[in-house]
Amino acid sequence: MDKKLERILPRVQKPARYVGGEYNAVVKDKSQVDTRVAFCFPDTYEIGMSNLGMRILYGVMNNMEGVWCERVFAPWGDMEEQMREHHIPLYGLESGDPVGDFDMVAFSIGYEMAYPAVLNMLDLSGIPLRSEDRGTALRPLVIAGGTAMYNPEPLADFIDLALIGEGEEELPELIALYHTARAEGWDKPRFLRTASGIQGVYVPSLYDVTYHEDGTVAAITALDGAPEKVCKRLIRDMDGAYFPVKSIVPTTEIVHDRVTLELFRGCIRGCRFCQAGYVYRPVRCRSKDKLVDCGIRACEDTGYQEMTLSSLSTSDYPELVALCDDLADYCDKHHVGLSLPSLRADNFSMDLTERMARGRKAGLTFAPEAGSQRLRDAINKNLTEEDLMESLRRAFSKGWSSVKLYFMLGLPTETDEDIIGIAEMADHVVHCWREHASNKARGVRITVSTSWFVPKPFTAFQWEPQISRAEYERRVKLLREHMTARAVTYNWHDGDTSFLEAVLARGDRRLGRVLEAAFRKGAHLDAWQDYFDLGRWLEAFQGCGLDPAFYANRTREKDEIFPWSMISCGVGDGYLWRERERAYQSLTTPDCRTQCSGCGANKMVGGECHV
Amino acid sequence: MSEYRLVFAKEGRAVWISHLDLLRTFQRAFIRAGMVIKHSQGFHPHPILSFVLPLSVGQASGCELLDFATQEDIPGDEIVRRLTPCLPEGIRALACQAPVKPVRELDALQAEVRLTYDGGIPQGAGEKICALLLGEHVVVEKRNKKKRMVDTDIRPMIRAVFAQEDDRDLLLSVTVQAQNPGVNPALLAAAVERHLPPLRPDAVQVRRTAMLDGTGKLFR
């Protein structure tokens, strides 16, 4: 281990997250490797190691001969300070080698608030932030993928290219092209022009963006043969897709420290606010037998005694009961805890919850999202208060005593009546507990949490404004005044972060200057409240002559060209606009299994979805 | 059911694994090795693993001891063989046998305290440090049972100190009392920093080399 590093580690919190060497970490012989990838997650080790995509792609890349993929995470503030003071550049956890020496620097970006950490990690690596300042040599190639890259524009100045969609096939294709490029001595511009021909690859420098006087996009022009629309990539056959059985077992505790069994991708529901629900379409399931096999082998290989099922909506997995029965056989015998998150509030799901609980009654969590049936219909959240109360009646009578309910404030068409509806629903839950609790002496814990709605690209609400800060605060206050039951704890989300998230989510490439300015003012790890400071950002906007409200609080016209209009997730704007109109009429849209509503994602899998 | 005491080394990157994390690491390693460890009784059973003398984060050791029991009777060398591929980098299983003596008979700890001086070892450092640590009193700040930092004389717990130059570092080979009360060998370096400021090292590394019983033999 590096001597300088050894000296600073005693001075930082949780040093184990900065040294690597975990069980199943991949260490290769450098002489047998010709392409080295620094796989960067712009957040801490504990968050990044909990990310399933990171684990999948780490395995996929390291399965390639001649390729060594290493992990890099953002240091916490104390570590960053020590690294800068002692001139230790950011390094790969497996080899300890500086990121600046790698061939590719690949970021996995799941959320907008990680953007400052991307810049900080480049800076800590000694790599120039802007791609134009990195010269024409092939190395280092800075790339990015992940859900946030459905609108890659705020990072357009900094990344050489973005991978849109699922990376299991796309990334190896890109690495293979990199091999060719190096063997034939291409420069970076030539590599980027050729890479833009791979489906899913978006090269920001090959697109020219012009603006109207009012700041909206006038035109996006593809240059040098780059495609007009970059269509996302996806895996058609989930059973054939890589599953991380031999996965790294961190020695220090991380957020999701368990085997994660990914049941399916996509979601049949179509909640109108949900970006994941649209961009991951269509639904593609793993077969039950494949899942059981992978789950058992992963437990045996890692020694984990916890397994969780993962998807956007667990209750919608077609063979869920049979899957749970098969897994329970193994789990009971080997003392492995099985958890089922993302369950719907219905009878079927409660049956399962009761069967899986085995004495332990952890809290129940539901996300009604809105306080009235009218608004739930408007956002197409297919949950009724009757279903919720029926589930809770059963749960309380069986001994559960802790319930969490999640809502959003500021959804399109929301009225004060809808907001007061949240408080009424909480009262109904308390009442339900009083009537049905099997053991009242234990008391009840009901937590209501609200967040501030952030409109996202590729949703039915991508045209909508985020409500103003003052209005958000008024609605929180209104709800607090109506939240009178003593058994209910009300938490509301801090406004500053959600506002900036709304700006960045639908931002254009002019925000690159703002990002850089905020970074220079000290924004390094802004996904954390410990470090986030909105004042810094507002100064940066002012310095760049841009108005954040233009991005967050403006209603877009139907035919407006979005900054992300060169990207396609398979679901067309025409469909999303129809969904928006239905929202204003409080009309629901049936789920994909009940009836196809023609979103267009079927074309991604050859014409027919297998929902 | 059989009881065992595992001897293992904790070195390299593994020195940064904390006590609690090490416990979890061994729990998982036993599962990977297909061995069933005796669990506690009760509502939330957990495997009973006990480190004889917990090691501070950042310190290396070639002589750690872990007590546990298995449900089936497995030869000690087979345990070492099965555990070896299941441990993370830096943790090596060395030997495994039934505990010979109860933990209360652990008496002393031998360790190497490596003092690094970037500008070279100061003149006469070895003698001065030995004189300090083997003098009448060695007062350092130590956490008491109420978790408050108080000045404590650790001299009664220091049994032996030898100093030698090793690869441009000053290497102190020390023997200290292991328990009731024990002293962390790192506190000897802290004493140097406090009482001999000109000999303050630029870096300190501690490595445990042996645990001894009251007769001076290896504690097993």
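The contact between the two chains takes 19 residues from chain A and 18 from chain B, with contact meaning C-beta atoms, placed from the backbone, within 7 Å. On the chain A side, nine of these are nonpolar, six polar and four charged (Ala, Val, Leu, Ile, Met, Phe, Trp, Tyr, Cys and Pro count as nonpolar, Asp, Glu, Lys and Arg as charged, the others, Gly among them, as polar). The model is predicted: local features need pLDDT of at least 70 and side-chain atom pairs pLDDT 80 or more, while totals for chains, interfaces and linings use all residues. Residues are numbered from 1 along each chain as its sequence is written, and chains are lettered from A in the order in which they are written.

Now to helix 1 of chain B, residues 19-32 (helices are DSSP runs of H or I, at least four residues, and strands runs of E, at least two, numbered from the N terminus). Its buried residues include Leu22(B), Phe26(B) and Phe30(B), buried meaning 20 or more other C-beta atoms within 10 Å of a residue's own. The buried set packs against helix 9 of chain A, and also against strand 2, strand 3 and helix 2 of chain B. After the helix comes Gly34(B), with a positive phi near 75°.

Within chain A, helix 14 (416-436) and helix 15 (469-482) pack at about 40°, axes 9 Å apart. Helix 14 of chain A brings Asp416(A), Ile419(A), Ile420(A), Ile422(A) and Ala423(A) to the contact, and helix 15 of chain A brings Arg475(A), Leu478(A), Leu479(A) and His482(A). By class, that makes six nonpolar, one polar and two charged residues.

Methods
Axes are lines fitted to C-alpha atoms, for helices over the stretch in contact, and angles run from 0 to 180 degrees between N-to-C directions. The expected span of a helix is 1.5 Å times one less than its number of residues. A residue is buried if 20 or more other C-beta atoms lie within 10 Å of its own, exposed if 12 or fewer, and partly exposed in between; C-beta atoms are placed from the backbone.
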